[in-house]
Amino acid sequence: MPIKNGSEYIESLRNRNLQVYLFGELVKEPVDHPMIRPSINAVAATYDIAVEDPEIGSAKSSLTGMQVNRFLHIAEKSEDLVNQNKMQRKLGQQTGTCFQRCVGMDALNSLYSTTFEIDKKYQTPYHTRLIEFIKKIQYENYVIGGTMTDVKGDRSLSPSQQEDPDMFVHVVKRDDKGVYIKGAKAHQTGCINSHWLIVMPTMRLRPEDKDYAIVGAIPVDAEGITYIYGRQSCDTRSMEDGDLDAGNSQFSGQEALVIFDNVFIPNELIFMEGEVEFASMLVERFTCYHRRSYVCKTGLGDVLIGASAAIAEYNGISNASHIKDKLIEMTHLNETIFAAGIASSHQAYKTESGNFINDDMLANVCKHNVTRFPYEIGRLAQDIAGGLMVTMPSEKDFRGAVTGPLLDKYLKGRKGVSTEDRVRILRLIENMTLGRNAVGYLTESMHGAGSPQAQRIQIARQMQLEFKKKLARKLAKVPEGENTTNAPLLAESSDYFDRIFGLKGSQKN
């Protein structure tokens, strides 16, 4: 039966015999491990939002005719992409962490259009296979994990030039039933909490990289897959008694190194196999979707702003003008992220395959803001919180017969606020800016969906400087051909203005 809610999702993860290693030991049942369970709870919230708020958390699929979880929906109009952003922000507010399903959602949508165009050129069956796979997962209501980031080895060399070919996932054997792959994917978000993984190339490929141009779907518990769980700052606090020191004891993110050792992908689950010229299209379309998906960080920002306002109140300084100004600045930065992301979704357009993709320029602006603004929001949160955030004694001291009463007396804030409530808010700020969930709010914001330079490259490609110089020369009454270079500064390949003003509308200027 299809999974209906978060509780059923959690039960669906049991007894899968995964090869998960944590602290050098094989984890018998990941669902019950105290360090892993908070990340599972975060994914469970993605099921519950579809039940509790179906307008945001679910959508009507034209593929199956069913109301499906929005994380499994193929965007059929710009409103679908806008609602993805709204769902992402709301889940960020509810969990205060990474809920781990955006990669899979964006992978499905980018593959939908890319496989269509591969089939158009080569008469391959990839698009039909993908549709059948999507129908299956929509019916079963599964979690899809996308695996794109290879370990890369020597970054100056292409995949086929590496001394060790396993630095990029590649096909090592083929037969009439399918292919076998080998390699590893790094820091894979929510992989252990997924039901299926979609393997994708990580970069533009050359003809000699043909064996690396592989896209396929694999069950998480497939033979030959090993998962090595990633450390997070302060992660072992979730294994201690009590929940005070964890800051956010219920929810966390998850990353792992995924190692494929002769893992089989049957033909019916292969969606690209050797078509190297389409690797860059897939990567660019995926990053287009995924970079505006980082509006999820505004939900986390809402939580951190709320925690900052709460601790200011508990400290008795909420009316201080400099505190108010810092909260305003935090809100301004947070909403600037959201504005670019949701604008990108509103400016979506239809692909040849029929699904919709958001605007690439605004997606890159959104993600570039995300590489900066959460760090400043976090800095201001720490400024407001004060030094006690990182010097507090442990929960055991707060519960101790001798130390407990002393801490309760001397760490008290404003009258009417309990010491424990003050400590809990301080621990939450620590959790999001230094601790476990700083992974999802800060460092992931920097490197997820590409580092800052990756966004700057895409923005540069779409600046349309020659067009903008033409606008300036016209108003300044500089005749065309005077004081102009023979070659444009950058190739004018962007249709950004066409989408703003209507098809070819920008050329009317």
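What percentage of the 509 residues in the protein is buried? I looked this up and found 55%. Buried means under 20% relative accessible area, with a 1.4 Å probe and protein chains only.

I noted the ground rules next. This is a predicted model, where local features need pLDDT of at least 70, side-chain atom pairs count only at pLDDT 80 or more, and totals for chains, interfaces and linings use all residues. Residues are numbered from 1 along each chain as its sequence is written, and side-chain values use heavy atoms, without hydrogens and water.

**Overall form.** The C-alpha atoms fill a box of roughly 75 × 65 × 50 Å along the principal axes.

**Contacts.** A contact means heavy atoms within 4.5 Å. I took contacts with a separation of 6 or more, and 76% of them join residues 24 or more positions apart.

**Helices and strands.** I found 18 helices and 14 strands. These are DSSP runs, with at least four residues (H or I) for a helix and at least two (E) for a strand, numbered from the N terminus.

I traced six strands in an open, mixed sheet, in the order β2-β1-β10-β11-β7-β6. The edges are β2 (25-26) and β6 (170-175), each pairing on one side only. Pairing needs at least two DSSP bridges between two strands. Strands β1 (residues 20-22) and β10 (residues 225-229) run parallel, joined by two bridges. Tyrosine 21 stands opposite isoleucine 228 in β10.

Notes:
Buried < 20%, exposed > 50% of the residue type's maximum accessible area, 1.4 Å probe, protein only.
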